[in-house]
Amino acid sequence: MTDRRLLAAVGVFAASSAVGAAVSVKEGVRGEPFGIDLPGSVGTHVAAGWGSGLSAPWPLEALALGVAVYARPGVPWARNVSVGLGAVMLLGTLIEPVTWGRRSRSRLTAAAVSLNLVTAVTLLCTGRTRATNTASPT
């Protein structure tokens with residue numbers, strides 16, 4: 001049995017990253033956290049697990065999907081992973097120059113940035129909601 005709420009939030013996370021990766025490749029939005037720019041194409045960065053300016057690295061998505069599928073409902077570590085991933089997604093989005101308009105942006109890129117922010121909040125809220133629902137009575 002899986003936690004449906006966590007699985008839905010993680011599904012949104014995976015979909016958001018897939019959309020972000022597709023937009024990044026189409027628009028050439030490189031990942032440049034803290035100004036770090038690796039050589040290679042955006043597609044190579046995404047495939048290698050580095051991510052892009054609009055997508056999380058795929059190992060984070062794989063971790064999230066594994067947790068959502070295999071964790072029993074109500075286990076505290078699963079909600080902690082959700083909160084952690086939401087915080088990482090929020091921080092990762094905020095440290096990218098494309099988020100702040102320091103790189104050229106199309107409407108599609110702006111929509112992907114917004115989707116990432118909504119996804120981060122969804123993961124954070126899901127983890128916090130699970131925390132209050134699974135608390136033992138005192």
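L38 is partly exposed, because its relative accessibility is 34%; the class covers values between buried (under 20% relative accessible area) and exposed (over 50%), with a 1.4 Å probe and protein chains only. The model is predicted, so that local features need pLDDT of at least 70 and side-chain atom pairs count only at pLDDT 80 or more, while totals for chains, interfaces and linings use all residues. Residues are numbered from 1 along each chain as its sequence is written, and side-chain values use heavy atoms, with hydrogens and water left out.

L38 sits in the loop between α1 (4-27) and α2 (42-48). Helices here are DSSP runs (H or I, at least four residues), numbered from the N terminus. Together with F34, I36 and W50, L38 makes a nonpolar surface patch of about 400 Å². Such patches are made of residues with over 30% relative accessible area and no salt bridge, with nonpolar side chains (Val, Leu, Ile, Met, Phe, Trp, Tyr) joined within 5 Å and like charges within 9 Å. The accessible areas come from the Shrake-Rupley method with a 1.4 Å probe, and for residues only the protein chains shown count as cover. F34, another member of the patch, is also found in the loop between α1 and α2. F34 counts as exposed because its relative accessibility is 67%. The phi of F34 is positive, about 55°, although F34 is not a glycine.

Helix α1 has 24 residues, which should span 34 Å at 1.5 Å a residue, and this agrees with the 34 Å between its end C-alpha atoms. The expected span is 1.5 Å times one less than the number of residues. At the start of α1, a side-chain oxygen of D3 comes to within 3.1 Å of the backbone nitrogen of R5. This is a polar contact, defined as a pair of N or O atoms within 3.5 Å; within protein, one must be able to donate a hydrogen and the other to accept it, and residues adjacent in sequence count only if both atoms are side-chain atoms. After α1 comes G28, with a positive phi near 70°.

The buried residues of α1 include L6, F13, G20, A21 and S24. L6 lies in this helix and counts as buried because its relative accessibility is 5%. Neighbours within four places in sequence aside, L6 is in contact (heavy atoms within 4.5 Å) with V67, A68, A78, S82 and T126. L6 and V69 are 63 residues apart in sequence, and their C-alpha atoms are 9.0 Å apart in space.

S52 is placed in the loop between α2 and α3 (58-70). It is classed as buried because its relative accessibility is 5%. The side chain of S52 makes a polar contact of 2.7 Å with the side chain of S24, and another polar contact, of 2.8 Å, joins the side chains of S52 and S55. Residues up to four places away in sequence not counted, S52 touches G20, A21, S24, V29, R30, G31, V42, V46 and E96. G53 lies in the loop between α2 and α3 and is buried, because its relative accessible area is 7%. Leaving aside neighbours within four places in sequence, G53 is in contact with S24, V29, R30, G31, E96 and V98. G53 and V121 are 68 residues apart in sequence and 18 Å apart in space, C-alpha to C-alpha.

E96 is buried because its relative accessibility is 6%. A polar atom of its side chain lies 2.8 Å from the backbone nitrogen of E32.

One joins the side chains of D37 and R30 (2.9 Å, N to O). D37 is partly exposed because its relative accessibility is 39%, and R30 is partly exposed because its relative accessible area is 24%. In the other, the side chains of K26 and E27 meet (3.5 Å, N to O). K26 is exposed because its relative accessibility is 61%, whereas E27 is partly exposed because its relative accessible area is 31%.

Terms used
Salt bridge = Lys/Arg side-chain N within 4 Å of Asp/Glu carboxyl O. Helix = DSSP H or I, 4+ residues; strand = E, 2+ residues; numbered from the N terminus.
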